[in-house]
Amino acid sequence: MTTMRPISAPPVALTGLLLLSISSLASASAAVLGIDFGQEFIKAALVKPGIPLEIVLTKDTKRKEAAAVGFKPAGNGKEGEFAYPERLYGADAVNLAARFPHDVYPGLKKVMGQHVEDDSVAAYSTRNPAVSVVPNVLRSTVAFQSSSAPPAGYGKGSFTVEELLAMQFKSIVHNAEALAGANTRIRDVVFTVPAFLKAEERSSLKLAAEIAGLKVMSFVSDGLAVGINYATTRTFNESSPEYHIVYDMGAGSTTATVLRFQGRGIKDVGRFNKTIQEVTVLGVGYDTELGGDLFNQKIFEILLDDFVNNPKAKGLLEEDPNLKNTIRTNGRAASKLWKEATRVRQILSANTDTIASIESLYKDIDFRSSKITRAVFEELLAQYEARITKPIIDAISNANVALSEVNTLIVHGGAVRTPFVGKKIEDIMGGAEKISKQVNPDESAVLGATFKGAAESRAFKVKEIRTQDIGTFGVSIKYKKDAEAKKGM
Ligand SMILES: Nc1ncnc2c1ncn2[C@@H]1O[C@H](COP(=O)(O)OP(=O)(O)OP(=O)(O)O)[C@@H](O)[C@H]1O
Ligand SMILES: [Mg+2]
């Protein structure tokens, strides 16, 4: 069992970036894991005595892991016997999709806690045409039929979304335990979550963590987590608070969070006064679908058009007038196109044009696109202009703070690197000087969440930062159609 002992020894003051001091009495097992579980990437950080807040590296020493798990058939099973497949994670799983698209599961964040008939599940199936969604036998939430799942007869089983998430978390724990060193068993975890995540989605995430043998200490909203990380190296004034907006655009969603940072003098034990830092969420605004994935779709369609209009595909088009749709729903071709679309889009953030190239895209035809320019891509993005800034406008209005009072907008998330997005947020904030790039856009949220976990665990002595989140999430209640029909009778 993990010890959560209050410290009794005087804290050791640490200076420097982390401002995290660790009790000499803390048990060696008092490790806390922070996980930023994103639509496309999982970032993790660890704190334990002797390790003052560090990013958990993947087995390939990367600082983030693609949020995917996949199975490679064992190939050596005897007739009629179940053979355990090889299980792959992260980039290895994503790469497997070109060969085994029916058994690779990326981006599960969008379907956790959802019912099979929900729109987000239909969108998931469109995006991953080869996977087979089935209802979880107990709850009609999402499961996937998989020949790699043993229980219900050989090759006829299914994995629930929570089981697939648990496998990914388990792999993260494995990496974290490698960092923590011998005899450290990691149990306590803090997750960052979007502020809009509903109760059933949180439950699904919690269940997945439990299956992985973890205990969820708390959920912290993405924006607040970034705010905590921002506050770890700063002190704020009591009489004139600072207001900052955290703008996080990831792969699957965008959230703007208005935060107030303030120092506050309080009475400490005895006759002493001390100053603590406060980070308060005043308002949020969000778009649950706007992010890198939506932009990828634009490039995906450009590539698809280009391929079907390519002279090499002429014969195919004559055979199949619906060729575009056939490719969209072909697991292998679709996964290759998505992967290249993501790559092309990221290149267009740094370059004004590029060329896509895919080996054996469909029916053994290699594809080399014509030139794709940033200008054309941005024409397609123009339709999202209002959606890019709306979370900021909503957050400001919910927080009841004027935009002129906001000191800076702190950017977080991979998709803020899209120049078009950068320009729009600069425009609404009134210039580049209002955009703060003071935090690491990939790691700030996970570092803030892990810091919070260290503070909550009481095995560590950390800089005192009081936080106040707001719960914007609701619960959705669904009635089965036949139950409704009966009610109406
Ligand atoms: N240089 C770049 N230019 C444009 N987009 C980029 C760049 N680098 C990464 N991205 C995009 O950022 C997204 C991933 O960002 P991030 O890791 O913040 O998302 P996430 O946390 O997985 O998703 P979410 O927060 O929505 O759950 C992807 O869509 C990726 O294509
Ligand atoms: Mg994210």
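Visitor: Which domains contribute to the shell around ligand 1?
Guide: Please note that this is a predicted model. Domain 2 (239–289 + 386–444) and domain 3 (292–382) each provide at least three residues of the shell around ligand 1.

Visitor: How many residues surround ligand 1, and which are the closest?
Guide: Ligand 1 is surrounded by 21 residues. The closest are G38, G250, G292, S349 and G414.

Visitor: Which helix gives the most to that shell?
Guide: Helix α9 does, with four residues. Helices α6 (292–308) and α9 (331–350) each supply at least two residues of the shell around ligand 1.

Visitor: Let us change topic to the protein as a whole. How many helices and strands are there?
Guide: The protein has 14 helices and 24 strands. Of its 489 residues, 42% are buried. Among contacts with a separation of 6 or more, 72% join residues 24 or more positions apart.

Visitor: What about the largest nonpolar core: which of its residues touch the most other members?
Guide: That core has 106 residues, and those touching the most other members are L33, I35, A44, A93, A176, I245 and Y247. Helix α3 (residues 161–180) gives the most to this core, contributing nine residues. At least three residues of this core come from each of domain 1 (65–166) and domain 2 (239–289 + 386–444).

Visitor: You mentioned A93. What does A93 touch?
Guide: Setting aside residues up to four places away in sequence, A93 touches A66, A68, V69, G70, L88 and V104. There is also a second, separate core of 21 residues, which includes F307, A333, L348 and L361.

Visitor: One more residue, please. Where does I435 lie?
Guide: I435 lies in strand β22 (residues 435–436).

Visitor: Why does I435 count as partly exposed?
Guide: I435 counts as partly exposed because it has 17 C-beta neighbours inside 10 Å, whereas a buried residue needs 20 or more.

Visitor: Which residues is I435 in contact with, beyond its sequence neighbours?
Guide: Leaving out neighbours within four places in sequence, I435 is in contact with T408, L409, V411, I425, E426 and M429. As for V411, it is 24 residues from I435 in sequence, and the two are 7.3 Å apart in space, C-alpha to C-alpha.

Note on methods. Residues numbered from 1 in each chain as written. Chains lettered and ligands numbered in written order. Predicted model: local features only at pLDDT ≥ 70, side-chain atom pairs only at ≥ 80, totals over all residues. Near = placed C-beta within 6 Å. Domains from an automatic or database assignment. Core = buried A, V, L, I, M, F, W, Y, C linked by C-beta atoms within 7 Å. Buried ≥ 20, exposed ≤ 12 C-beta atoms within 10 Å, placed from the backbone. Contact = placed C-beta atoms within 7 Å.
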